[in-house]
Amino acid sequence: MSEEQNDSIIFHIEALRNTLIKCFVAIVIIFPFSFWISPKVLNFLIKTLINNNKISLNYFAPMEVFILQIKLALLLSVIVAFPYIAKKLWDFVLPALYEHERKFVGTMVLTSSILFICGVIFCIFLILPLIINFGISFGNELISPMWGVSNLINLALRLAFTFGLMFQVPLVTNMLIKWKILSYETVSSKRPYVVVTLLLTAALLTPPDIISQILLFTPTYLLFELGLLFSRK
């Protein structure tokens, strides 16, 4: 490797380091504000999930709610800083791309972000209330639900992130066909394998209950079919 190539690699590593530092600093700067509003966000999230059900949440350790607020504050900081982070990462990779590649990658990043947000919203406002209502339905005069706030919020964050990822399926399907890695006919003929793969993925990414798995699998498979439809010539 020549000295010029070594200098180029060092330059790119240094540029990446500076980019990551700027992203980290942005999150740190936003964190105090995020922590300040995290109790309000936590209350809103709990009200949305519980809806009109008459249940109370409990915490079982002195620092439990405080730690939960820190987690939420970190998540909020990343969300608020995301446009800045995306711009800095985009500025880092932009010089290495051709004009047509820039347009394509930009479109993919925007589409992926929109799908992720849709998955999170779909999960929080539709799927999680259904799961909670299903859990409450087992209560009776002898059995009453007693839920921990950390368990509920951690479940909400985990499932929201999972739905955000699984909503990328139509984009992945479209990219595989557009890049000619797989043909439309091949993907279309492998539906049974796709169904099994999505079922296994849903089982791995959700709590061990059939309801959560079905609620994740159903929209994901419909999105796969949507991605297949848009990939059709």
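Which element gives the most to the lining of the largest pocket? Keep that in mind as you look around this predicted model.

**Stop 1: the largest pocket**

Start by selecting Leu-75, Ile-79, Phe-116, Ile-117 and Val-120. Among the 21 residues that line the largest pocket, these five are the closest to its centre. The space in the pocket comes to about 920 Å³.

Two or more lining residues come from each of α1 (3–50), α2 (64–93), α3 (99–136) and α4 (149–166). Here is the reply to the opening question: α3 gives the most, with 8 residues.

Now try colouring the lining by residue class.

**Stop 2: a patch on the surface**

Move on to Ile-21, Phe-24, Val-25, Val-28 and Ile-29, and show them as a surface. Together they make a nonpolar surface patch of about 470 Å². Zoom in on Ile-21, which belongs to helix α1. Is Ile-21 buried or partly exposed? Its relative accessible area is 39%, so Ile-21 counts as partly exposed.

**Stop 3: Glu-185**

Finish by selecting Glu-185, which sits in helix α6 (residues 184–189). Glu-185 is classed as exposed because its relative accessibility is 56%, and the cut-off for that class is over 50%.

Glu-185 and Ile-30 are 155 residues apart along the chain, and their C-alpha atoms are separated by 48 Å.

Conventions
Residues numbered from 1 in each chain as written. Predicted model: local features only at pLDDT ≥ 70, side-chain atom pairs only at ≥ 80, totals over all residues. Heavy atoms only, no water. 1 Å grid on protein atoms, 1.4 Å probe; cavity = no way out; pocket = protein on both sides within 12 Å on 5 of 7 lines; lining within 4 Å. Points joined across faces, edges and corners; volume = space filled by probe spheres on them. Helix = DSSP H or I, 4+ residues; strand = E, 2+ residues; numbered from the N terminus. Patch = residues over 30% accessible without salt bridge, like charges linked within 9 Å, V, L, I, M, F, W, Y side chains within 5 Å. Areas by Shrake-Rupley, 256 points an atom, 1.4 Å probe, with all protein chains shown as cover. Salt bridge = Lys/Arg side-chain N within 4 Å of Asp/Glu carboxyl O. Buried < 20%, exposed > 50% of the residue type's maximum accessible area, 1.4 Å probe, protein only.
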